[in-house]
Number of protein chains: 2
Amino acid sequence: MIAYAKRMKKMEYTANVVKNLFGSMTDPQIISFGGGAPAKEALPIEAVRQIADEALRADTRGVEALQYGPIAGIRDLREVVIDVLLKPKGVECRMENVMIVAGGLEGINLICQAYIDPGDVILVESPTFVHSVEIFDMFEATCVGVSMDEGGLVTEELEEKIQKFRPKMLYTVPTFQNPSGRTLGLERRKKVAELASRYDILVLEDDPYRDIRYGGADLPPIKHFDRTGNVIVANSFSKIFSPGCRLGYVVGEADAIAHLTDVKSATNSHTSMLPQILCAEFFKRGLFPAHHKKLCDLYRERRDAMLGGIDRHFPPGTKHSDPEGGLFTWVELPKGIDTAELLKASTSNPEVKVAFVAGEGFFTERDGRGRNCMRMSFGSNPPERIETGLQRLGDLICSRIAAV
Amino acid sequence: MIAYAKRMKKMEYTANVVKNLFGSMTDPQIISFGGGAPAKEALPIEAVRQIADEALRADTRGVEALQYGPIAGIRDLREVVIDVLLKPKGVECRMENVMIVAGGLEGINLICQAYIDPGDVILVESPTFVHSVEIFDMFEATCVGVSMDEGGLVTEELEEKIQKFRPKMLYTVPTFQNPSGRTLGLERRKKVAELASRYDILVLEDDPYRDIRYGGADLPPIKHFDRTGNVIVANSFSKIFSPGCRLGYVVGEADAIAHLTDVKSATNSHTSMLPQILCAEFFKRGLFPAHHKKLCDLYRERRDAMLGGIDRHFPPGTKHSDPEGGLFTWVELPKGIDTAELLKASTSNPEVKVAFVAGEGFFTERDGRGRNCMRMSFGSNPPERIETGLQRLGDLICSRIAAV
């Protein structure tokens, strides 16, 4: 048998974690708080159908939709990014600073391709999004965790680790973080941008949940505080439009975008045209604001059901984060509960049948931390189903504690 | 400024060649025989609109189209690959042997990610498809050219170079090759599969033009002769359905596909769902055979216009390949004509305004070979425009020869 590349060995562990992440989504019997999929009620099916019906004609955008297109993405979708998604958040940029990619994760992949050599150190939050770590492993980077508290990444420790490890890059999900639901505070955002400039490291700001805030005051992206071009943004249309379309964008210095365009060309030529056109038209026709309100109302209600249900049904000593947006909360159970074992029990027990993601896989330290933690996604179930799932899961946890 | 990864230096040359390849497509004044885009008349716009209109509903495939999907692609499109595209060509395979990717080039990228370490030798045809070489350069492989004649890759030289360079992989476009239009003969196909087994190297069979044959007898893919799992196929829906949709497929051993699925997950999660559904329905509804006939009739007529026009208008001593399918012919001008200079003259001269791709960029040897050659694409212009372009270009070439 032909030998695989060395990088395949390096990514084995995280590839398995990622597979398990999505595995539990397939059994319809299970109430799943795993995965990170948006609600099916949040998908703008009818609007997309109408746009497709108008765009897919020889005298409208039919040829454009089916023919080869520009590597960096179509012009009107890049305009949406600049005018609708960045400018109101305090990030000013031009066409040459933006490229369209096939989802936020592809943005991360391309940035690694352009910047990461094997052995480079990438600082990540502890816990961090394991799917991104799978990418970092594939590029044979060394990930080093930086602690978080309720205010996000601890910037004092960040500076120490920059000094100690001389990293190439910091990877952060600053808003409603995956998996923790935590948000990096305003002063820390300034501090991260400042440290990136001072130590000349790249900050990869992955911010897909930012646009679904349904409580609290908005915060500017780290990119807003970047004066030296050290911050590069990878963002996604998955949570505000459609994940199945695989659309995202990268924002950075013109030279960085030019290099990323070469890398994109050598990855898959360009992003699929029809999804780009549908998404651009969706925004350009002014359909986003009402859709956005609907999303926020939907997820706020589900978050409330999730946090209330955890408080009601989980054992005393349970802690959880208090997200003002996004799709996740992070739960820390009393010590001694192993959530990987709990997951096995809760998915196989016919009276429970509840899935979530066990915490340990989100830590790059791989020293057992996170073993009593779990990521709970509240995006894809209605409130009553969330309540039912939490009641069953809470009973199981309490019975296991009683048995100890 | 943050340093780019080492691989970026390695891919600089080919990235520029690829950019020039597509650059001349943007000026509408120019008659372009550059690029490799299918005819706009070959895009099934109306069929796609009708399918989208039916599929994008809450009670049909609307949720599936906009929600996250399977990493390896949707089941019905993989069935199309197995039953419609592979079986009739003499390649038997199962679901676990097929994955859907975002275009044929992405298939090549993922295969490199899974198999190629820096410094690995990849044998390529001489000339070869420069966009693939851009990918090989990004993965820091060393490309070594193997000569072609009118029957494709010369297998005696292939074996010598396998022995001499101990390559990891052979990259070949066996049918209506890009850029040469040449096709690997039957006995050589068997020989390539046999050499791959004997020396245990991977053969990457990139075969996007195979399905637009409009003359001569069909030939089985190299994969048909593979008894040891050494051949992996990367193919594309770009030429038979739509390039803008970015859809392709990879066919290989189950273990290879499992590894490629991990790599796909760490590249962009999965291929855009709506294009997959549209393409699967297009085939499942039986729309392909009539569309296929239309494509073949269209391209046959354009090929005849191209080959006849070259014979009529180009100077004595000009040679060209005689493709029975695909979109390209390869032209060798009399020695002394530098096609890179000719291209500059022909695109800037307001009385000519004709583009093509200069030959030198298709050779990995970079020793000047191909300097008097050019790739001529006949896919995207109707016969009368081909005739006009060739007349103008022929006059320019003849005047330059006269001036020497």
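**Ground rules.** I am working on a predicted model, where local features need pLDDT of at least 70 and side-chain atom pairs count only at pLDDT 80 or more, while totals for chains, interfaces and linings use all residues. Residues are numbered from 1 along each chain as its sequence is written, chains are lettered from A and ligands numbered from 1 in the order in which they are written, and side-chain values use heavy atoms, with hydrogens and water left out.

**Chain A, overall.** I looked up the secondary structure and got 14 helices and 14 strands for chain A. Helices here are DSSP runs of H or I with at least four residues, strands are runs of E with at least two, and both are numbered from the N terminus. Chain A has a radius of gyration of 21 Å, close to the 22 Å from the globule rule for 404 residues, so it is as compact as a globular protein of that length. I noted that this radius is taken over C-alpha atoms, and that the rule is 2.2 Å times the number of residues to the power 0.38. Along the principal axes, the C-alpha atoms of chain A fill a box of roughly 65 × 55 × 50 Å.

I also checked burial: 66% of the 404 residues of chain A count as buried. Buried means under 20% relative accessible area, exposed means over 50%, and partly exposed is in between (1.4 Å probe, protein chains only). For contacts (heavy atoms within 4.5 Å), I found that 75% of those in chain A with a separation of 6 or more come from residues 24 or more positions apart.

**The eight-stranded sheet, chain A.** In what order do the eight strands of the open sheet run? I read β2-β9-β8-β7-β6-β3-β4-β5 in chain A, with mixed pairing. The edge strands are β2 (98-101) and β5 (152-153) of chain A, each pairing on one side only. Two strands pair if DSSP finds at least two bridges between them.

I then went through some of the pairs. Strands β8 (residues 231-236) and β9 (residues 248-251) of chain A run antiparallel and are joined by four bridges.

**Strand β7, chain A.** Is β7(A) covered or open? Five of the five residues of β7 (residues 202-206) in chain A are buried. Leu202(A), Leu204(A) and Asp206(A) point one way, Val203(A) and Glu205(A) the other way, and all are buried. In a regular strand the side chains alternate between the two faces of the sheet.

**Over to chain B.** Strand β2 (residues 98-101) of chain B is covered on both faces: Val98(B) and Ile100(B) on one side and Met99(B) and Val101(B) on the other are all buried. Four bridges tie β2(B) to β9 (residues 248-251) of chain B, running antiparallel, and Met99(B) has Val250(B) as its bridge partner in β9(B).

I also found an open sheet of four strands in chain B, in the order β10-β11-β14-β13, with antiparallel pairing. Its edge strands are β10 (319-320) and β13 (357-358) of chain B.

**Pro127(A).** This residue sits in the loop between β3 (121-126) and α7 (130-138) of chain A. Pro127(A) is buried, at 2% relative accessible area. Beyond neighbours within four places in sequence, the contacts of Pro127(A) include Met148(A), Pro179(A), Trp330(A) and Phe362(A).

Most residues other than glycine have a negative phi, and most peptide bonds are trans. Asn178(A) and Pro179(A) are joined by a cis peptide bond, with omega about 20°. Another cis bond joins Ser126(B) and Pro127(B), with omega about 10°.

Lys353(A) is not a glycine, yet has a positive phi of about 55°. Lys353(A) lies in the loop between α13 (339-348) and β12 (354-355) of chain A, and counts as buried at 18% relative accessibility. Arg246(B) has a positive phi of about 50° and is buried, with a relative accessible area of 3%.
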